[in-house]
Amino acid sequence: MGKYLKELEHFQNLKRRVFRSEPIRVLVTGAAGQIAYSLLYSIGNGSVFGKDQPIILVLLDITPMMGVLDGVLMELQDCALPLLKDVIATDKEEIAFKDLDVAILVGSMPRRDGMERKDLLKANVKIFKCQGAALDKYAKKSVKVIVVGNPANTNCLTASKSAPSIPKENFSCLTRLDHNRAKAQIALKLGVTSDDVKNVIIWGNHSSTQYPDVNHAKVKLQGKEVGVYEALKDDSWLKGEFITTVQQRGAAVIKARKLSSAMSAAKAICDHVRDIWFGTPEGEFVSMGIISDGNSYGIPDDLLYSFPVTIKDKTWKVVEGLPINDFSREKMDLTAKELAEEKETAFEFLASA
């Protein structure tokens, strides 16, 4: 009996602690899609914002998807998650973007057969201009905005430009999936777990020009940290097959699954947002697409470019002073060039959208 009372008291204390916090308002767009379906449970169960943070979860999708979204809403209700104070499913921006603490913009126009990249950019400029304007009008000025929908870097820049009252540092785009892919490839090659690999970097665009860089990465072997190049002793693989495998992994998943990455994308979103919320571990950095203004790596300002960052108090800081060799320089400049071209095309549409 005493043991039961003790457990009951522990549960009641936990419950009191949980509901002492004010709920945060978290939006997921494209909420009827397959990435969101893999993502929403992790947000609702405390894996992202902590086990004592209540959440009001807002789900936005386009009007034709509202039937599917109702099914997602029912499932979230049926999960009986104690941290979910409310779940709101809507197709209206004025409801979806109101008083947000976090916006995870997953929804975008996918590339269709025969579609030119510029057509894809044009369609998405329209979407992210509207969503940026809605953030500007309805969300908290402290909102953290994470863009997942592709082309993620340029969509993120478009949203930021359309929300001038929200600091541009509050906007980031997802390159954590590429970062995790790079970690996983190194771990597989060395026969260790991904947790034993740290400080890989994704530079640039979330596209096939991205540069996965392990020049500064470390791996734990027999309890000792060594550089990845030193551990692998296979420079040709690291400068060749490793890079192309990470760059083309998304296409490889589509070819095998006939669907794009969802489970791994959702996990990467969780990692990205959790690190914004709680910070990065001491001595570790992660990759995310952020505004390039004032960087020390020779990347032009006003691009949304993936850099290595550390995060503390919900604020990112680019890791400075990493030596860049000629091989890396060329790859970093190539992906910056693609981003500058994307930006130019997108901003032509932005002016007329």
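Pro110 sits in the loop that runs between β4 (102-105) and α5, in a model that is predicted. With a relative accessible area of 47%, Pro110 is classed as partly exposed, because that class lies between the cut-offs of 20% for buried and 50% for exposed. Once neighbours within four places in sequence are set aside, Pro110 is in contact with Met115 and Leu120. Computed along the chain Pro110 and Ile43 are 67 residues apart, and their C-alpha atoms are 24 Å apart in space.

**Helix α5 and its partners**

- Helix α5 (residues 117-138) packs with helix α13 (residues 326-352) at an angle of about 55 degrees, and the two axes are 9 Å apart.
- α5 and α13 are therefore oblique to each other, since the angle falls in neither the roughly parallel range under 35 degrees nor the roughly perpendicular range of 65 to 115 degrees, and their crossing is right-handed.
- On the α5 side the residues in this contact are Arg117, Lys118, Leu121, Lys122, Val125 and Lys129, which meet Glu342, Thr345, Ala346, Phe349 and Leu350 in α13; by class, the contact of α5 with α13 has 5 nonpolar, 1 polar and 5 charged residues.
- The axes of α5 and α6 come within 8 Å and cross at roughly 40 degrees, which makes α5 oblique to α6, and this crossing is right-handed.

**The enclosed helix α6**

- Of the 10 residues in helix α6 (residues 152-161), 9 are buried, so the helix is largely enclosed by the rest of the structure.
- The buried residues of α6 are Ala152, Asn153, Thr154, Asn155, Cys156, Leu157, Thr158, Ala159 and Ser160.
- The elements that cover these buried residues include the helices α5 and α13, together with the strands β5 (144-147), β6 (171-173), β12 (286-291) and β13 (304-312).

**The contact of α7 with α12**

- Helix α7 (residues 176-190) and helix α12 (residues 263-278) pack at an angle of about 105 degrees, with 8 Å between their axes, and α7 and α12 are therefore roughly perpendicular to each other.
- Arg176, Leu177 and Asn180 in α7 meet Ser264, Ala265, Lys267, Ala268, Asp271, His272 and Asp275 in α12, and the residues of this contact divide into 3 nonpolar, 3 polar and 4 charged.

**Two buried loop residues with polar contacts**

- Thr209 lies in the loop between β8 (201-203) and β9 (211-213), and it counts as buried because its relative accessibility is 18%.
- The side chain of Thr209 makes a polar contact of 2.9 Å with the side chain of Thr335 and another, of 2.6 Å, with the side chain of Glu338.
- Leaving out residues up to four places away in sequence, Thr209 touches Gln247, Lys331, Thr335 and Glu338.
- Gln53 is placed in the loop between α2 (34-44) and β2 (55-60), and with a relative accessibility of 12% Gln53 likewise counts as buried.
- A polar atom of the Gln53 side chain lies 2.8 Å from the backbone oxygen of Glu22, and the residues that Gln53 touches, not counting those up to four places away in sequence, are Ser21, Glu22, Pro23, Ile24 and Leu83.

**Val219 in strand β10**

- Val219 is part of strand β10 (residues 218-221), and at 0% relative accessibility Val219 counts as buried.
- Beyond the residues up to four places away in sequence, Val219 touches Leu190, Val192, Asp196, Val197, Lys224, Glu225, Val226, Gly227, Val228 and Ala231.
- Val219 and Ser194 are 25 residues apart in sequence, and their C-alpha atoms are 9.1 Å apart in space.

Methods: Residues are numbered from 1 along each chain as its sequence is written. This is a predicted model: local features need pLDDT of at least 70, side-chain atom pairs count only at pLDDT 80 or more; totals for chains, interfaces and linings use all residues. Side-chain values use heavy atoms; hydrogens and water are left out. Axes are lines fitted to C-alpha atoms, for helices over the stretch in contact, and angles run from 0 to 180 degrees between N-to-C directions. Helices (H or I, at least four residues) and strands (E, at least two) are DSSP runs, numbered from the N terminus. Angles under 35 degrees count as roughly parallel, over 145 as roughly antiparallel, 65 to 115 as roughly perpendicular and the rest as oblique. A crossing is left-handed if the near helix is turned anticlockwise from the far one by less than a right angle, and right-handed if clockwise. Contact means heavy atoms within 4.5 Å. Ala, Val, Leu, Ile, Met, Phe, Trp, Tyr, Cys and Pro count as nonpolar, Asp, Glu, Lys and Arg as charged, and the others, Gly among them, as polar. Buried means under 20% relative accessible area, exposed over 50%, partly exposed in between (1.4 Å probe, protein chains only). A polar contact is a pair of N or O atoms within 3.5 Å; within protein, one must be able to donate a hydrogen and the other to accept it, and residues adjacent in sequence count only if both atoms are side-chain atoms.
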